[in-house]
Amino acid sequence: MIQERIVPTFAPAPATLSRETGLLLYEDMVLGRLFEDKCAEMYYRGKMFGFVHLYNGQEAVASGVIKSMRSDDYVCSTYRDHVHALSAGVPAREVMAELFGKATGCSKGRGGSMHLFSAEHRLLGGFAFVAEGIPVATGAAFQSRYRREVMGDASADQVTACFFGDGACNNGQFFECLNMAVLWKLPILFVVENNKWAIGMSHERATSVPEIYKKAAAFGMPGIEVDGMDVLAVHTVAEAAIARARAGEGPTLIEALTYRFRGHSLADPDELRSKDEKDFWLVRDPIKRLATYLTEQQLATAEELKAIDRKIQAVIEEGVKFAEESPEPDPSELYRYIFVEDDA
Ligand SMILES: Cc1ncc(C[n+]2csc(CCOP(=O)(O)OP(=O)(O)O)c2C)c(N)n1
Ligand SMILES: [Mg+2]
């Protein structure tokens, strides 16, 4: 029997979960899952180029955190960014068009899979370099506080959620930004998606203290470990951290224990992880788990959940059609969108 680190103690508070929130979280996770499955299909059909990193298995983290935020809050991602973008409200058709390199994509076809961006949805970006988004997110949190306290803009109470992987936590930017965020009491959530692997490097082999949440204590920051396969647990932890951030009480480090169900990217044959390990995590599928919970608690019927699945499948099919029918960026516009004044 393999030893897996999980959080056995979390007991969700069922009485406080409304049907509305339960269904919102379910729909958002299904959107993430079915979107990624469609990406795999389109990639292998040659519709997408470059590296494509899918998020299957980790949906509870994006949905649990982002669906606890306001629509004017900021989200910062990594190269594994499709589902963060979807949870932040970027329409599936615009994400799909971006992956197809089309002019109607959320980054106008200039970014592709690893560089999704939407000013409208406060998505600060996907970033190809490991840990690259952490200082960007820290800067976003800084400007909220600066606008509110120095410039007197009372409406500037936005919170930033910064997502990154276990592999990013051995990078200096992680430590530097944690320090600044506490020092300046920035309204930010550092959300580590600990999926145990950085490509083929096991987290246990790469870091001195594998419990990443414990590193927060060195900076005087609350660090919380959460079951990243349980969307209700993530949602509960995120709500508390967001409330603290919005109240001016500073940052929180959340370590979500999760697992990716596919290889590192669609180019990865995924031969390094053991079958035992994969099986251990597959049975913790966050979508199945929430579906079971919602039906057991009689918050939804199996038919209602199936209807959501069908609705989302239609949204994704429409997104593929939109992406396929959209034009390529015009070569005459090669230099457009480099400077902000061109963004018209
Ligand atoms: C600065 C930097 N170094 C190395 C790489 C190559 N690289 C791409 S993804 C990755 C693994 C990162 O793993 P993790 O942060 O755990 O995120 P996950 O892929 O598990 O979501 C590495 C090393 C990179 N993109 N950037
Ligand atoms: Mg990882």
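# Around strand E7

Val191 stands across from Ile254, a residue of strand E7. Helices and strands here are DSSP runs numbered from the N terminus, with at least four residues (H or I) for a helix and at least two (E) for a strand. This is a predicted model, in which local features need pLDDT of at least 70 and side-chain atom pairs count only at pLDDT 80 or more, while totals for chains, interfaces and linings use all residues. Residues are numbered from 1 along each chain as its sequence is written, and chains are lettered from A and ligands numbered from 1 in the order in which they are written.

**The strand and its partners.** E3 (residues 188–194) and E7 pair in the parallel sense, over six bridges. Two strands count as paired if DSSP finds at least two bridges between them. E6 (residues 223–227) also runs parallel to E7, joined to it by five bridges. Here Ile224 is the residue opposite Ile254. E6, helix H8 (residues 231–246) and E7 form a right-handed β-α-β unit. Right-handed means that, with the strands pointing away from the viewer, the path from the first strand over the helix to the second runs clockwise.

Is E7 covered or open? E7 (residues 252–257) is mostly covered, with six of its six residues buried. A residue is buried if 20 or more other C-beta atoms lie within 10 Å of its own, exposed if 12 or fewer, and partly exposed in between; the C-beta atoms are placed from the backbone. Both faces of E7 are covered. Thr252, Ile254 and Ala256 lie on one side, and Leu253, Glu255 and Leu257 on the other.

**The core.** The largest nonpolar core has 86 residues, and among those with the most contacts inside it are Val191, Ile254 and Cys162. H8 gives the most to this core: nine residues. Such a core is a set of buried Ala, Val, Leu, Ile, Met, Phe, Trp, Tyr and Cys residues joined through C-beta atoms within 7 Å. In soluble globular proteins, nonpolar side chains tend to be buried together.

Cys162 is in contact with Ile188, Leu189, Phe190 and Val191, among others, leaving aside neighbours within four places in sequence. Contact means that the C-beta atoms, placed from the backbone, lie within 7 Å.

Tyr79 lies in the loop between strand E1 (74–76) and helix H3 (82–87). Tyr79 counts as buried because it has 21 C-beta neighbours inside 10 Å. Beyond four places in sequence, Tyr79 touches His53, Met114, Gly126, Phe127 and Ala128. Val320 sits in helix H11 (residues 302–325). Val320 has 20 such neighbours inside 10 Å, so it counts as buried. Its contacts, again beyond four places, are Lys38, Met42 and Met96.

Sequence separation and C-alpha distance can be set side by side:

| Pair | Apart in sequence | C-alpha to C-alpha |
|---|---|---|
| Tyr79 and Gly152 | 73 residues | 35 Å |
| Val320 and Phe100 | 220 residues | 9.0 Å |

**The whole chain.** The protein has eleven helices and seven strands. Of its 344 residues, 47% are buried. A compact globule with 344 residues would have a radius of gyration near 20 Å, and the protein's 19 Å agrees. That radius is taken over C-alpha atoms, and the globule rule is 2.2 Å times the number of residues to the power 0.38. Among contacts between residues at least 6 apart in sequence, 75% join residues at least 24 apart.

Key:
Contact = placed C-beta atoms within 7 Å.
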